[in-house]
Amino acid sequence: MSVTGEPDGPPLRAGPPIGDLIAGLYAALGVCAALVRRDRTGRGDTVGASLNNAMISMLGFLAANCLATGQQPARTGNDHAIVSPYGMFRTADGEVAIAPSSEAVYYRLLDAIGAPELRDHPDFRSNDDRVRNRRAMNAAIEERLKAAGSDHWIDKLNTAGVPCDRVMILPEIFADPQTRDQEMVISAVHPGHGEVKMLGFPIKFREAPCQIRRPAPDLGADTDAVLRELGYAAQDIARLREAGVV
């Protein structure tokens with residue numbers, strides 16, 4: 001949170017529960033690595049993953065800079081911490097996100113918006129120069145973007161090889177052709193709730209694609225099966241139910 005938010009604003013949390021999600025991914029990755037080790041050596045391992053470690057690991061270049069300099073990174077809002085220009089920019093009728101992550105893409109951006117003269121501007125010659133003069137850089141970009149609306153620039157910049165789009169709300173994301181093509185919204189028939197929509201599988205396999213084996217169970221639906229696997233007899237499970245334990 002200390003590196004998220006506007007420079008003159010308070011620390012902000014991310015929308016999704018990143019710590020929970022990333023720790024789960026690390027746990028799954030650790031299990032896979034332990035299985036490979038077992039296959040190679042005959043010995044398994046104990047896998048540990050924590051929310052704290054997961055969050056720290058995601059600091060990336062922000063952590064590297066702090067460890068190298070001892071300085072706390074500044075919050076940069078929607079601007080990229082070490083790349084400029086990169087972020088949200090105003091157009092004639094809204095805002096677009098533009099992500100020129102290299103010098104080559106930056107030059108494509110200048111050509112597409114009709115500002116080739118900015119290449120040789122003394123304040124903008126290198127990425128370091130542009131980061132130092134970020135406010136002036138952003139203003140120069142927005143001055144050109146005000147000439148047309150967001151749809152115009154989204155089409156023109158992407159055609160030129162500059163990543164650009166508007167910020168979409170979730171219903172727009174779920175209806176997007178790319179999302180549909182990648183099957184990132186799928187559905188399953190639940191015996192008690194009918195058709196239920198959910199997020200799809202982000203990892204794709206060519207020969208053995210992921211598939212839903214069964215819908216999400218209702219609370220307690222698998223309790224008896226789990227207890228049987230743990231060695232409880234039918235009469236033991238019945239007693240636990242009578243006592244209100246399960």
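Here is a short chat about this chain.

Modeller: This is a predicted model, where local features need pLDDT of at least 70, side-chain atom pairs count only at pLDDT 80 or more, and totals for chains, interfaces and linings use all residues. Residues are numbered from 1 along each chain as its sequence is written, and side-chain values use heavy atoms, with hydrogens and water left out.

Biologist: How many helices and strands are in the protein chain?

Modeller: The protein chain has 11 helices and five strands. These are DSSP runs (helices H or I, at least four residues; strands E, at least two).

Biologist: And what does the C-alpha trace span along its principal axes?

Modeller: About 80 × 45 × 40 Å. The radius of gyration is 25 Å, while a compact globule of 246 residues would have one near 18 Å. That radius is taken over C-alpha atoms, and the globule rule is 2.2 Å times the number of residues to the power 0.38.

Biologist: What share of the residues counts as buried?

Modeller: 23% of the 246 residues. Buried means under 20% relative accessible area, exposed over 50%, partly exposed in between (1.4 Å probe, protein chains only).

Biologist: New topic. How many aromatic pairs turn up in the whole structure?

Modeller: One. Tyr-106 and Tyr-107 form a tilted pair, 5.7 Å centre to centre, with 45 degrees between the planes. Rings of Phe, Tyr and Trp (its six-membered ring) pair if their centres lie within 6.5 Å; planes under 30 degrees apart are stacked, over 60 edge-to-face, the rest tilted.

Biologist: Is Tyr-106 buried or exposed?

Modeller: Buried, because its relative accessibility is 1%. Tyr-107 is at 28%, so Tyr-107 counts as partly exposed.
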